[in-house]
Amino acid sequence: MTKVEPTIYIVDDDESVRDALRNLLDAVGMRAVLYGSTQEFLDARRPDVPSCLILDVRLPGMNGLELQEELNKTGVPVPIVFITAHGDIPMTSRAIKAGAVEFLTKPFEKKDLLAAVGQALDRDRERRAAQARLSALRGRYKSLTPREREVLWEVVSGKTNKEIANLFGLSEITVKIHRGRAMEKMEADSLADLVRMTEKLQQRFRK
Amino acid sequence: MESLRPATESRVTAGQPGFAVRDTVRRLAMSLILVACALVLTLFLQRFFPYPFLFLFFAAVMASAWLGGTAAGLFAVLFSTIAVDYFFVPPFYSFSISPTAEAYFGGFVVCALAASWVSTAKKKDEEELTEARDHLERRVSERTAALQKSNIELQERERQLRLLTEVIPQQIWCATPVGSIDYCNQQLLDYAGRGLLDMQGERFSETLHPEDREGFHRSWQRALASGEQFEGQWRVRGADGEYQWFFTRGLPLRGADGRILRWYGTNTNIDGLHKAEQSLMKTQSDVAHLSRVLSMGELSTSIAHEISQPLTAVVTHGNACVEWLNASPPNVEKARTTAERIIQDGTRAGAVLSHIRALFKKGTPAKGCVDMNEVIHELTVFLKDEAIGRQVSLRAEVARDLPLVDGDRVQLQQVVLNLAMNGMDAMKDLARGPKELRIAVRREGASQILVSVEDSGIGLSAETAEKIFQPFFTTKPQGIGMGLSISRSIIESHAGRLWASPRPGGGALFQFTLPVRSENADDQS
């Protein structure tokens, strides 16, 4: 995995606010992409890099909170930092409950904004790493033969080699070989490790 | 039959002695004549018969008894006996009686007495019968007359009632116990422009506004089921096709056994009332709207949004500028363009501010003719409920011939409302003493009117009397301290003056003046 530059999306209908945010992020060495409305943001092609979204609440058309709902529904979990001129408590709690990183009132302080953006990017990086680990795991699982997969599921369900051998009509030796191969291909150090991996795979499948 | 009448009458008038004597004499005379006739005839008939023809005397006795009663009968018997004794019993033409004729004569007397008695008894029976029949007949005719009289009275009463239902300016209807309309008075028919046939039964509901029909049916059916008073308001279509609001009330008429016999109802036109209510509601909502607009919260939200955008840009650019200068080496070019942006956005914030200021200036006041009497009257209607709820006695005094003022009606109303609500708030915690709120308006000199609002609340000192007009000064836990400040600026923008003073006897007195509308002032001078 190569080190990629994160992107910060900014959605605000006020051009001067957008520009100022880009200027500040630019000054601290971050790349920002600007959108004037939620629709522009939804229509844009976004690169597959760690990212976060600085989002105004009061926007023409679909507002910030609605965009947050929409993104959650479509499974695009971009961490969001809300900025608003007049946030009240119900609005804030709604946004935070729906997964927003921070809710800042304009005009906000630099450190608050940068801290929120940093936190949001960390969260996204973490999510991306977890995503990458999961897809690697799935890749490894896919490399197993059908028999190895069958044996693997029986092993993690707690059966002994003998029981598995009886179940599939194989010799205990053959089961041992399949089991060893599966552990090796899955890059599992121990049975416990293997159990954790299968749990993750199952979670993914359930989704 | 008619000939019998005198006998009856004689009994009725027997109390008069003169008449009784004359009557007796008359009967006596009658029996004498009858016997005389019998005598003459018998004497005449003696020529043709070998023996005296005495039967005619019996006839005379019977006739006398029949016509003249017992006494006349007995007289006739007496006269006949004398006549027979003298003329027909040997020795003839003498009152003495030969022994041989004694039995014959005796037989005659007995027969005569018997004839008299029979005739009298028969007569008596007949008379009693006649009397009973007469009595009955009289009773019948009396009763018939009484019945006829009450019948006529009843018809007259009904006619009067009917007339009454037609002349009173109210729509009246009747319905059967199952709720079918069967009578509408002329007023109702005239209003609906329909004949009675077109209103009967269920057709009445055709005149109701489609939106009101369901409500009407529901409450009508409920009343019919429960037998309780029926009431409601709905729009009824008139002959002109226009709907007007009516208040309907119906009451059941119950029989002695409690069963409902009929429903009687009236429709009262409340259209004017309804319209007034609606215009009042509109005024209320206008006032409410204004008070909302005037509330600082709403205003600050919109100002905050307008100002915070450029301000955010300024602060963010400022931060960026510092970052550019802190870099090593400092990026002076970026810092300069950033500073230029700061100037731009700062200027923009200033423009927003002056725009808001202009908005305020432009917004006050929307000039027009205002009648403060009307303003106060409308407010008291609006405040009445509030005052009742707070147990405050509200008094409004308007002035006759009050000149009009120039100004924004809604704003002026808001000022009076604000002062009145303040007054009520000041009396909220009053444990004892009367809670009185008085709103008055009067002419003050030639060119001004004076509106005063006084309360019997906690009052104020001479020092606080001026302080309370400063922005954000408040004595109320929930207050923001803008009401009086805004009120004063409204009055001042109308070229008037608003001030407060302690009220003699406790409480506070708020007064403001407004200049009289210029044409009016000219008229006066």
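**Cores and a helix crossing in a predicted model**

In this predicted model, Ile449(B), once its neighbours within four places in sequence are set aside, is in contact with Met372(B), Leu402(B), Pro403(B), Val405(B), Val441(B), Arg442(B), Arg443(B), Glu444(B), Phe512(B), Thr513(B), Leu514(B) and Val516(B). Ile449(B) also belongs to the largest nonpolar core, which has 40 residues, and is listed with Met372(B), Leu419(B), Phe510(B), Phe512(B) and Leu514(B) as having the most contacts inside that core. The elements of chain B that give two or more residues to this core are the helices H10 (372–389), H11 (409–426) and H13 (483–493), together with the strands S9 (436–444), S10 (448–455), S11 (497–502) and S12 (508–515); the largest share, 7 residues, comes from H11(B). Apart from this core lies another, of 26 residues, among them Val17(A), Leu21(A), Cys52(A) and Leu104(A).

Chain A, to which those four residues belong, has 9 helices and 5 strands, and along its sequence these follow the pattern β-α-β-α-β-α-β-α-β-α-α-α-α-α. Of its 207 residues, 43% count as buried, and among contacts in chain A between residues at least 6 apart in sequence, 60% join residues at least 24 apart.

Two helices of chain A, H7 (residues 161–168) and H8 (residues 172–185), have axes that come within 8 Å and cross at roughly 105°; because angles of 65 to 115 degrees count as roughly perpendicular, H7(A) and H8(A) are described in that way. Where they meet, Asn161(A), Lys162(A), Ile164(A) and Ala165(A) in H7(A) face Glu172(A), Val175(A), Lys176(A) and Arg179(A) in H8(A) in contact, and the residues of this contact divide into 3 nonpolar, 1 polar and 4 charged.

Methods
Residues numbered from 1 in each chain as written. Chains lettered and ligands numbered in written order. Predicted model: local features only at pLDDT ≥ 70, side-chain atom pairs only at ≥ 80, totals over all residues. Heavy atoms only, no water. Axes fitted to C-alpha atoms, helices over the stretch in contact; angles between N-to-C directions. Helix = DSSP H or I, 4+ residues; strand = E, 2+ residues; numbered from the N terminus. Parallel < 35°, antiparallel > 145°, perpendicular 65-115°, else oblique. Contact = heavy atoms within 4.5 Å. Nonpolar A, V, L, I, M, F, W, Y, C, P; charged D, E, K, R; others polar. Core = buried A, V, L, I, M, F, W, Y, C linked by side-chain atoms within 4.5 Å. Buried < 20%, exposed > 50% of the residue type's maximum accessible area, 1.4 Å probe, protein only.
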